[in-house]
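The questions below go through some terms used for a protein model, and each answer sets a computed value against the rule behind the term.

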Amino acid sequence: MPIYEFASEEIRPLLKTTFSQMQLQERRDLQRLLRANISVIAPDTLVIAEEFGDWDESRRRIDLLGIDRDANLVVVELKRTEDGGHMELQAIRYAAMVSTMTFDQAADVFGRYLAQINNADTDARAKLLEFLGWDEPDEDAFAQDVRIVLASAEFARELTTSALWLIERGIDIRCVRLQPYDHDGRVFVDVQQIIPLPEMAEYQVRVTEKKRKEREARSDTRDWTSYDVTLSGRKLTGLRKRHAIYQTFRHLVEQGIAPEKVAEHCGPRGTRAIVSVEGTVDAGDFNRLAKEARAQEGRSFDPTRYFCGKDELLHVDGRTYAFLNQWGGTAWMQAMVSLRDTFPEQDVEFAPSD
């Protein structure tokens, strides 16, 4: 659909053109402008590298590499051609190559990128943590997925067909069309996400999620083991891992051990295992006060990551505490063993439920 100019005496369409006709280069112009304005094609994304190619035996480079608010990596491929070329195949290859990136590697890559754009004084690690709203790196949550954003003047049918098929298979891939217009030598660009269509995106996400869960149900190998926990002779049965460690934390605090002391023995995640606010407050006030306190420190607070419901908060010495509910991977076992061994007088025992 053309774009029109409402002039004083008439409505006239702007003239479609191409980037090449307007003498705009892929890397010198499109990439340079989009890296500084990435939200145009990928909202809530932080660019951490340009022309990224840190892998052996390959000269291939990602145009722009980013991270989104959910800690997913974002591969951005740009083309000024009229059909998009084979950019989806390139992007899939790149996504596979970066899928194992760790937080520390990302921070190192980001630091080099900041130096490249003459911003070396910025602490890459701190800026990355701030963008994610984290106090410290969470490798279990980092780069759990890789998103793909393809931006081109146009997309051939075989490319869009491939993208739709990949979406059905659970790959987060988006096609953003950049249609340039010439208006008296000035370049205007109509930016449209064409796959998935914005008005259909939520529906497609639900359909894709349903299919993904159906596939996972057929091949799920995750550890859903329930545990029985004994705390000073009191046995709690059939607890999920996060509830098992929460009950252990709660028991130790109720026995008079300071929440901070318990948290520091919760393994690698101990430094962020608790959040507290001044006063004996309810859940609503706790969430508000915690967010305000974190905001003053330039950080964020996500209540969904903590046990901070009505009956889950703990009140100790005039403060209110919430305990972390994110305990995937090996972090849970490390924390439970540490708590058991650090406080032997509390008779903490745990074992898989029968």
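Q: Why are Glu292 and Arg288 said to be separated by about one helical turn?
A: In this predicted model, Glu292 and Arg288 both lie in helix α9 (residues 283-296) and are four residues apart there, so about one helical turn separates them.

Q: Why are Glu292 and Arg288 called partly exposed?
A: Buried means under 20% relative accessible area and exposed means over 50%, with partly exposed in between. Glu292 has a relative accessible area of 40% and Arg288 one of 41%, so each counts as partly exposed.

Q: How do you know that Arg147 and Asp172 form a salt bridge, and which parts of the chain does the pair tie together?
A: Their side chains meet at 3.6 Å, N to O, and the cut-off is 4 Å, so the term applies. Arg147 lies in strand β7 (residues 146-152), whereas Asp172 lies in the loop between α5 (157-168) and β8 (173-183), so the pair ties together parts that are 25 residues apart in sequence.

Q: Is Arg147 buried or exposed, and why?
A: Arg147 has 7% relative accessibility, so it counts as buried, because the limit for that word is under 20%.

Q: Which residues are linked with Arg147 and Asp172 in a network of salt bridges?
A: The network links Asp68, Arg147, Asp172 and Arg174, and by the same rule the count comes to 18 salt bridges.

Q: What makes the contact between Glu154 and Arg177 a salt bridge?
A: The closest N and O atoms of Glu154 and Arg177 are 4.0 Å apart, and the pair is counted because the rule takes in atoms within 4 Å. This pair links distant parts of the chain, with Glu154 in the loop between β7 and α5 and Arg177 in strand β8, 23 residues apart.

Q: Why do Glu154 and Arg177 count as partly exposed?
A: Glu154 has a relative accessible area of 26%, and Arg177 is likewise at 26% relative accessibility, so both fall between the limits of 20% and 50%.

Methods: Residues are numbered from 1 along each chain as its sequence is written. This is a predicted model: local features need pLDDT of at least 70, side-chain atom pairs count only at pLDDT 80 or more; totals for chains, interfaces and linings use all residues. Side-chain values use heavy atoms; hydrogens and water are left out. Helices (H or I, at least four residues) and strands (E, at least two) are DSSP runs, numbered from the N terminus. Buried means under 20% relative accessible area, exposed over 50%, partly exposed in between (1.4 Å probe, protein chains only).
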